[in-house]
Every structure is written in C-alpha cells, then in structure tokens.
Amino acid sequence: MSEAKSRSSAFIEARDRATDYLVRRHYLRWTEALPWLVAVACFFLFPNRMTFGSQVLIMIMFALSLDLILGYAGIVTLGHAAFFGIGAYTVALASLRLGWSEPISGLAAAGVIAACVGVVVGWFILRYRGLTLLMLTIAFAAMLQESGNLRSDLTGGYDGLPGLMFDPLLGTFQYDLYGHTNFWYALAALAVVFYFVRRLVYSPFGQTLTGIRENVRRMHAIGSPVHLRLVTVYAISAGIAGVAGALFTQTNAYVTLTVFDFDSSAKVMVMLILGGTGRLYGPFLGAAVYMVLEDYFSKMSPTFWQFGIGILLVLTVLFARRGLLGLAEDIGGMRWGGRAADAAPRRLVWKPEHWKALGASAFDGGVLGFLVGFAVNMGHAELMTAYVTGLPAQVAVFTLGGAAIGAGINAFYLLLTSRSAVEGQAS
Amino acid sequence: MPQFANIAVSILFDGLAYAMFLFITAVGLSVTMGLMGFVNLAHGAFAMAGGFIVVSLTRSYGIDFIPSLIIASVTIGLVSVRFEKRLYRRLYKSTDLEQVLLTIGLAFMAIAAFTYFYGPIPKSVPLPHWLEGDVNLGFRRFPTYRAFLIGLGTVLIAILWFVFEKTNIGAKIRAAVDNRRMAESVGINVDRLFTLTFAVGSGLAALGGGLAIQLFGLTPSFAVLYLVLFLIVVAVGGLGSLKGTLLAALVIGIIDTGGKYAFPVAGNLFIYAITALVLLIKPTGFYGRE
Amino acid sequence: MRLLPLLGAATLAIAMGGTAQAENVKIGVVLPFSGANADLGHQMDKAFDLYIKLHAKDIAPHTVTLIKRDEGPPTGAQAKTVATELITNDKVNLLAGFSFSPSAIALAPVVTQAKVPMVISNAGTAWITNLSPYIVRLSFSMWHPAFPMGAYAYNKVGCKTAAVAYTDFPPGKDSVEAFKTGFEKAGGKVTLSIPMGSPVQVPDFTPFLQRVKDAHPDCLYGFIPSGAHATGLMKAYGELGLRKAGIKLIGPMDLIPDNKLQDMGDAAIGTIVMGHYAVDLDNPQNKAFNAEWHKAYGADSYPDFMSAQAWDTMHAIFDAIKKLNGKMSDGAKVVEAMKGWSADGPRGHVMIDPATRDIVQDEHAMEVYRKPDGKLGERVLDTTKAVKDECKVLKIGRCGS
C-alpha cells in the first residue's frame with residue numbers, strides 16, 4: 001500500500017516539476033540581461049572599435065536566424081547566406097534605383113522580401129532531409145550568386161554597388177566615421193528581432209518545432225501540420241537573415257556578390273555550433289567569440305588562425321557537443337533558457353585499456369610526425385634548420401614530438417569524457 | 001568532319017575527361033557515405049594531400065609522374081585508415097551535423113598545415129613527355145593528357161566494376177550498403193569492410209588530386225573549393241552506388257563542358273541547376289536507396 | 001596615445017636640438033596576408049620592407065612606421081573595417097596597399113570623410129580614382145595595358161580579327177572592354193567574347209578555348225587573374241594546339257606572371273603581352289632592384305609587377321615626406337605633394353597625373369622566348385611611352401563621372 005502511494009507521489013512530483021518547468025520557462029531570468037549589458041559596456045570600453053562591433057552584432061543576428069531552423073527545427077542548411085544576400089541587395093537596389101533610402105523601412109522591406117522568398121523555396125525543398133536538403137540549399141545560394149553575376153549590370157558583380165547613401169536614422173542621427181550611430185542602430189535592431197524570436201521559441205509553436213526536431217514521425221502521427229510549420233519557421237528565419245543582410249549593407253554602405261558565398265553560410269554555422277544550438281543565447285556567444293578570436297588571431301598569423309578554427313571545431317565536436325554554452329552549463333550547473341544541466345561530476349577511473357589507447361595515440365602521433373618531418377624537408381619550410389639540421393634528425397624530432405602530442409591529446413580526452421564509477425557510464 | 005559533329009565530339013571528349021576526374025575523386029566519398037552513413041567532408045583534403053605528395057615526389061625527389069601517383073594513393077590510403085580508426089569511429093552514431101563539423105575542422109587544419117609547409121602559391125607538376133601535347137586518334141587530334149585521363153578512368157571503372165560485381169568482397173560491400181543489420185547478422189564484419197573501402201576511397205581521392213594538378217593547378221584551398229563539386233556528384237548519383245556516381249559524373253562533366261562551350265555566360269549555373277532538378281525529382285539521386 | 005613612441009619622438013626632438021622636428025610617419029598597410037591571395041600580399045609587403053630598409057636614411061631624421069593589417073577576401077568588408085580602425089584607432093597618416101578593387105571602392109567615402117590619403121599599390125578598376133580626391137594610384141588601371149594592346153595587336157602583330165576570353169568578374173570585363181575599344185579604333189574586329197567562369201575556382205579552360213579554336217580568329221586576347229588561372233589557361237592553350245592552328249595568344253602581363261612562367265613550358269613561347277613590368281626589363285633601376293631583392297630574399301625569389309608597384313608607392317611616399325619635411329598630418333597637402341610626382345623606377349619612368357591622381361607609365365609589348373640558358377624570359381618588342389588611363393581620357397562609363 002505504501003509502495004503504491006510513494007510511487008504515485010513520485011509520479012505527482014515529476015508531473016508537477018515538468019508542468020512547472022513548462023510554465024516558468026519563458027520568465028525573464030536576471031542572467032538574460034548579461035549579454036545586453038556587455039554590449040553596452042563594449043561601447044564605452046572600446047569606442048574606437050565600433051565598426052567591428054556593428055559587424056559582430058550583425059553576425060549574431062544572422063546566427064540567431066540560423067539557430068531557429070538548425071537548432072530548434074533541426075533543418076541542416078549550408079545556403080542561408082542566400083537570404084542574407086537577398087536582404088543586403090534589397091536595400092542596396094532600393095536605395096540606388098528607387099531612391100528609397102530610409103533605413104528602418106528598408107530593413108523591414110528586406111525582411112519581408114527575404115521571408116517571401118523563404119516561403120517559396122521552403123515549400124519546395126523542405127520535403128527533403130539529410131544530404132538532399134543540404135545540397136539543395138547549397139545549390140540555391142550558388143544559383144542566386146551566379147544569376148547575380150549574369151546581371152552584373154544590376155548587381156555590380158563582384159565589384160558590387162559602392163557609395164550607397166542612406167538617410168540619417170530617425171531623421172537626426174548621422175553616420176560617422178567611428179560607427180557609433182551604426183552600433184546603436186544594430187543593437188536596437190537585434191533587440192527587437194531577439195524579442196520576437198524569444199516569444200516565438202517559448203510559444204506553443206516553438207514547442208512543436210522541438211517536437212519536429214526530436215521525432216518527426218510522432219509529430220505526423222499526432223496530426224501536426226509538419227510541413228506547414230517547417231515552411232513557416234524557414235520563412236521567419238529567412239526574414240531575419242534578410243534583416244541582418246540589410247543591416248550589413250547599411251552599415252557598410254557597400255555590397256558585393258560575395259554576400260552569397262558558400263563560405264559565409266559555413267562560417268555562420270560554425271559560429272552557431274560553437275555557441276551552442278537550440279539555445280537563445282548560443283548565437284550571441286558563438287558569433288562574438290568567433291569574430292573576436294578571428295580579429296585577434298588573424299592579425300598575429302592568418303595561417304595559424306585557420307588551423308586554430310579547425311582545432312576548435314574538432315574539439316567542440318569531440319568534447320563540447322552542446323557548444324560553449326553547454327560547456328558553461330556543465331561547469332556552472334545553471335539553467336540557461338534551454339535544456340537541463342547535466343551536473344555529473346567527472347573523475348577518471350584508470351583502466352588497463354587506457355594504456356592501450358595511449359599507446360595507439362602515440363603511434364598515430366608518431367606516424368603523423370614522421371610524415372610531417374618529411375613534408376617540412378620537402379616544402380623547404382625554415383622551421384628547424386637553425387637548431388636541427390639534416391633529414392634524419394629532423395624527421396626523428398618530429399616523430400617523437402608527434403608521439404608525445406598524440407599521447408597527450410588522448411590523455412586529455414580520457415580525462416574529459418570519463419564519468420564516475422557510480423554513474424555506471426563507460427567513457 | 002562537319003562542323004557540328006566536330007564540336008559535339010570535342011565536347012564529349014573534354015566532358016568525358018572531366019567526368020573521369022570527378023568519378024575517380026568522388027567514388028570513395030559515395031561508397032563510404034552509402035556504406036556507413038558517415039559524412040566525410042575531409043575527402044577533399046585527402047585529395048589535396050595526395051596532390052601535394054605528387055608535387056613533392058616529382059619536384060624534390062625526381063620520381064616520375066606515374067609512380068608518384070601510385071605512391072601518393074597508397075600513402076594516403078594508409079594514413080586514412082588511422083584517421084578512421086582513431087577519430088571517425090567515435091562519431092558513427094552521431095548526427096550528420098557533428099560529422100560535418102568534425103571533418104570540416106580536419107579539412108581546415110589540413111589546409112592551414114599545407115599552406116604553412118608549401119605556401120599558398122599554386123603548384124604544377126612536370127609531366128613526362130609522352131603525356132604532353134596532343135595525340136592522333138585517327139580522325140582528329142586530342143590532348144594527350146585528357147586521353148590518358150579517359151583511359152585511366154576506364155581501366156579503374158572496369159576494375160571497380162569487376163570487384164563490386166564479381167568478387168566476394170564486392171558482394172559483401174553491396175550487401176552491407178543494402179542492409180547493414182542483415183549483413184552483420186549473416187556474419188559480415190562490416191567494420192573491417194568499412195575500413196577497407198574507406199582506405200581505397202581515400203586512396204582514389206588522392207589519385208584524383210594528383211591527376212587534377214594538370215587540370216586546375218594545386219593550392220591548399222583545393223580541399224574545400226572542389227568539395228561542393230564532389231558532394232554534388234555523390235548526391236546526384238546516389239549514395240553508395242558505383243553506377244550512380246559514374247552516371248552523375250558523366251552527366252555533370254558533359255553538361256558542364258557543353259554548357260561552358262555553348263553558353264559561357266551562365267558560368268556554373270548549369271551544374272547547380274542540374275543538381276536542383278535531379279534532387280527535386282529523385283531526392284536520393286540516380287541510383288540511391290531510401 | 002602610446003607612451004613609448006611619444007617618449008622616443010620627444011627624445012629624438014631634444015637630441016636634434018629642437019631645430020628639425022623629427023616626425024614619425026605612420027602608414028597603414030592593407031594587404032591580403034591570408035587566404036588564397038596571400039602570395040599577392042607577400043610580394044608587395046616584401047617590396048615595402050625592402051625599400052624602407054634601403055632608403056630609411058634618405059628621410060632622416062624622420063622615420064616611417066608600417067602598421068600592417070589583413071585585407072581579407074575581395075569583398076571589401078574586412079578591408080573597410082581594418083582600414084577604418086587604422087584611421088581612428090592607430091591614427092595613421094596614410095593608407096597604402098589595397099590589392100583588390102572592392103577594398104578600395106569600399107573605403108573611398110571613409111578616406112574622404114577622414115581626409116586621409118589612400119595610396120593604391122594594386123587595385124586596377126579604372127574609375128576608382130574618381131571616387132575620392134584623397135586617392136592616389138601608383139599601380140595601374142586595366143586600361144593601361146589593354147588599350148594600347150588593341151592598337152599594337154592590329155598594327156604590329158597582324159591580328160585583323162580577335163576573340164576575347166576573360167574571367168567573368170569586373171577586372172576581366174574592364175580589360176576586355178579596353179582592348180576592344182583600342183582594337184576596333186585601330187581597325188580590327190572582335191568576333192567572339194567568352195566569359196570563363198568565376199575568379200574563385202580555376203575552371204577547366206578546355207571548352208572555352210575549344211570554342212575559340214572553332215571560330216578561327218587571328219588572335220586570342222585573354223584575361224585571367226594572375227596565379228593558378230594563368231597556368232591553367234596556358235596549359236589548355238598548348239594542349240588544344242591553338243598556336244599551331246594559327247591563333248596567337250595576346251593579353252596583359254597577368255597572362256604570364258613572373259613566378260609561374262617557368263612552369264608554363266613551350267606552350268608560352270610566342271605569347272605577346274603588354275605590360276609595365278617584367279623581371280627582365282633592361283633599365284638600371286630594375287637591375288639594382290632585382291639585385292637587392294635576391295640579396296634580401298634569396299636566389300629563388302623573384303619580384304613581379306606588384307612588387308615593382310609597391311616599390312614605387314613607397315618611393316612616392318618618401319618623396320612626399322621629404323617635400324613636406326615630415327609634416328604629413330594634412331591629408332590634402334600630402335595629396336597635393338604627390339600630384340605630378342615623377343621618378344625613374346624599376347618600371348621605367350613613372351608619373352602621377354595631377355588631373356586624375358592616377359599613374360602614367362610606359363607600356364612595353366613583350367614576347368616570351370627561350371633564353372640561351374634554357375629558361376623562359378620576356379624580351380621587349382616595343383614601348384609606348386607615358387600611357388595614361390584611356391578610360392578617363394575618353395570618359396567611358398563610370399570613368400566619366
């Protein structure tokens with residue numbers, strides 16, 4: 001009797017917790033003010049870097065639009081730059097050809113037009129998934145770019161449309177060399193868009209998106225109009241990307257066909273993954289971190305920067321699958337507008353097979369080092385000739401170094417992915 | 001020859017050579033994606049690495065072009081096995097997105113590393129004399145190198161077809177692509193099979209990279225620049241299908257060449273248009289399975 | 001304001017006894033240091049560094065500091081951000097470099113507003129200099145080599161008809177339009193115009209050149225971005241036997257970049273280009289330039305037309321420093337000082353046209369031949385002196401604004 005009672009009370013507890021969670025999700029938490037405070041602080045701390053600051057805000061908005069479809073609805077696309085570009089060119093052509101240079105209405109128009117294109121495109125391609133969908137999104141963006149080049153009389157081709165003029169903001173705020181006006185403009189636009197996205201995500205509509213992402217068959221089974229929902233969110237996301245593109249043109253007073261580049265779509269995806277998908281603030285963190293790192297490291301060494309980004313990606317996938325935000329959660333054990341934190345403590349239980357793994361990594365590292373040693377010699381890179389001369393010595397040094405690095409990385413990996421024996425989960 | 005027929009022959013020939021390059025490089029990607037469902041975007045990086053090995057072997061060590069190609073393919077094939085065992089294997093159960101990110105990250109690292117060692121200046125290879133110039137094939141002359149590409153491609157296709165259709169291993173691979181669980185339950189060691197196909201596929205990619213130098217020049221960016229092209233061939237042909245990859249390579253190679261001949265203004269529009277068209281009508285590609 | 005340079009400058013001033021105020025001129029250098037076009041940036045960067053090293057004493061007691069930033073890809077956005085920060089953050093006196101036209105185009109309104117001179121070492125779109133009175137160009141416009149090539153091709157090379165093939169982006173279109181204007185003015189006829197794909201990827205040139213072959217023109221005028229495209233085009237030209245079919249290859253010097261010429265093999269022999277620089281150019285400044293280059297960067301490293309342009313850029317800036325006695329803070333005065341500047345450099349005699357602020361230079365018609373030592377080289381067939389940018393002279397399209 002008491003067993004049944006405790007079972008049912010456990011059940012009631014769980015149900016209440018779940019209901020409570022759903023009801024309280026959208027309440028504003030004090031932590032949500034942080035990103036905005038940081039943005040405002042940057043204005044006062046780095047007044048000379050505000051042109052860069054505006055670009056960061058624009059990227060955040062672009063990443064936010066991608067988060068809607070990638071993070072919340074689960075649509076993998078590598079062609080989102082298409083909508084960014086549509087928005088960018090809308091304001092440019094409106095200003096140039098129609099003489100319509102009022103900035104705020106330009107933003108709105110860009111968003112609407114991009115969203116309309118999103119409806120049409122989404123209607124056709126969202127029936128597919130996986131590689132098919134990916135290729136279709138890539139093809140769409142590429143075709144848009146090629147068509148733009150075909151009509152370079154309209155688009156200015158790769159040299160673009162320079163010298164675009166936009167009216168002062170709200171009739172009074174001029175654009176200055178230091179980019180101050182642009183920064184506040186971008187921040188305000190981001191705030192408005194974000195408010196909208198936040199409402200959307202916490203609405204029942206937003207919840208259906210999560211359902212579609214997690215188990216689309218079940219959604220069909222309960223009669224949810226999946227395709228309609230997907231097209232809707234795709235269109236909204238396209239509109240937001242269009243607004244970001246329009247901001248880009250307005251703050252740069254210049255646009256070229258490179259806004260449609262595949263690189264651009266790939267870059268924004270990397271930013272989003274870095275920050276953490278399926279979270280409202282993932283784009284903020286990801287875009288800001290990426291752009292700041294890029295700015296800092298590419299000044300030091302552009303080659304090193306590309307290598308660094310590559311490593312960052314590999315490490316993110318291996319160790320931080322939920323992005324930096326997920327990592328922060330694990331460390332801090334806080335809740336940040338998304339999923340519950342996994343606060344299991346980490347402790348490495350050393351097993352014999354770990355030695356085997358270390359040995360294998362050392363071997364791999366050594367082989368790679370061996371090949372690299374040859375490459376250094378063949379490519380004539382002046383890497384070690386000051387200290388170590390001769391092919392055998394160079395190759396030996398690289399082999400040993402590679403082995404050490406390989407073992408080190410694996411040890412680090414083992415440390416990070418182990419669980420305590422109590423949890424019972426294998427590493 | 002009458003003018004129109006002459007043009008048609010030229011387009012077919014050039015398109016065929018281009019298609020052979022696409023096939024050789026992309027077939028590995030198609031089979032591994034079909035067999036294991038693993039999206040390996042570092043495939044282009046393997047091709048690029050193979051190309052650079054050929055450059056080094058021919059320029060710095062004076063080895064002939066053909067032997068260099070063989071050495072490069074074998075080396076990359078072996079290296080890729082280690083990658084597969086140590087890195088990729090962890091992510092077989094992961095989402096497509098994570099696989100995409102991991103392999104793109106590896107590709108970036110490879111590009112940066114090769115830029116550091118070889119510099120960003122495009123490279124070319126010294127060809128043996130018998131591959132230069134043009135050759136008389138009876139009714140007209142054709143560039144020798146492209147004739148070589150077509151010949152080599154045909155031989156490789158024949159070998160691959162024979163292995164796939166007539167040998168035990170080929171049957172096992174086809175079985176595993178069709179239905180992995182069933183294949184495992186009749187005792188086929190799919191993991192080892194995958195390692196083998198992965199190695200061969202990467203080796204072929206390296207071969208393609210080496211062959212591409214004469215066509216496009218080689219820079220480290222090769223790894224991502226032509227990646228979209230390989231993905232298109234794989235998607236349009238259908239994952240895991242030899243026939244499909246070949247057909248897709250032929251269609252894309254010939255239509256692209258013909259399009260560039262007849263309507264050069266359109267640029268790459270034709271390739272993307274074909275891709276969109278095929279995928280909208282048959283989402284799994286020519287010979288893909290659901 | 002950073003403390004160290006301030007202290008340094010103060011010390012120097014006191015040491016000089018306060019009579020000649022030593023100025024430190026800050027130059028913001030914007031070049032592509034990463035990505036696919038990094039070799040362009042490095043060629044120019046090396047030239048800047050070399051000139052400063054060799055001529056620093058010429059402007060003593062003044063000094064020059066270079067602040068280098070990555071131009072990024074040819075979209076203009078990154079160039080605009082880094083250059084704006086160079087102006088607002090680092091307070092540079094001038095900007096130099098700019099490999100890509102979109103970078104310079106994007107920056108034009110900024111330098112006008114900030115009143116900072118922008119000295120262009122490469123970007124070649126003709127109407128760039130019209131965009132701001134603070135832009136001075138030391139490099140070239142697409143029209144410099146292409147327009148004279150038109151007349152030369154008709155009169156001296158014997159091309160009565162020509163086909164034009166170009167990479168499908170603005171520099172390609174500009175170059176071809178310039179050639180066509182010059183060629184048709186001289187009496188020739190362009191029978192075929194073929195765009196050859198985007199500048200990002202090297203395409204398979206075979207179908208384009210096959211089409212040219214089937215059209216039987218006398219000559220083929222080609223424009224491709226310098227680099228991998230050049231080798232690809234030359235290889236396809238050779239493989240398809242266009243020269244044997246009687247179609248001569250002509251174009252600007254981008255067709256045969258100095259550091260790729262040796263790879264092109266026999267196919268390149270007989271190509272005629274119009275350009276303002278070649279490593280083999282026979283004048284005393286160029287001989288000295290090459291000697292210093294090899295001394296500094298090794299026997300395997302070669303300067304190219306971009307290095308020569310960068311060299312002249314620094315030369316012009318140094319002469320402006322001397323003329324203004326180091327006072328480079330007034331941008332308008334700096335530009336005034338550079339107008340009408342002329343000197344003998346590796347390219348020969350160069351001058352900055354006071355009316356357009358663009359370069360005036362000699363264009364040489366050069367032919368590729370095999371030197372006695374077995375290497376490929378270029379010999380000068382003819383020189384057109386003091387060529388201006390015809391686009392602005394004839395006021396064609398955007399050049400007229």
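1. Two strands are taken as paired if DSSP finds at least two bridges between them; helices (H or I, at least four residues) and strands (E, at least two) are DSSP runs numbered from the N terminus. In chain C, strand S3 (residues 94-97) and strand S4 (residues 118-120) run parallel and are joined by 3 bridges. Leu95(C) has Met118(C) as its bridge partner in S4(C).

2. This is a predicted model, in which local features need pLDDT of at least 70 and side-chain atom pairs count only at pLDDT 80 or more, while totals for chains, interfaces and linings use all residues. Residues are numbered from 1 along each chain as its sequence is written, and side-chain values use heavy atoms, without hydrogens and water.

3. The open sheet of chain C consists of 5 strands in the order S2-S1-S3-S4-S5, with parallel pairing. Strand S2 (63-70) and strand S5 (135-137) of chain C are at the edges with a single partner strand each, so one side of each has no neighbour in the sheet.

4. Chain A and chain B bury about 4200 Å² between them, 78% of it on carbon and sulfur atoms; buried area is the accessible area (1.4 Å probe) that two parts lose on being put together, summed over both. The contact (heavy atoms within 4.5 Å) takes 48 residues from chain A and 47 residues from chain B.

5. Across this interface of chain A and chain B, the rule finds 0 salt bridges, a salt bridge being a side-chain nitrogen of Lys or Arg within 4 Å of a carboxyl oxygen of Asp or Glu.

Methods: Chains are lettered from A and ligands numbered from 1 in the order in which they are written.
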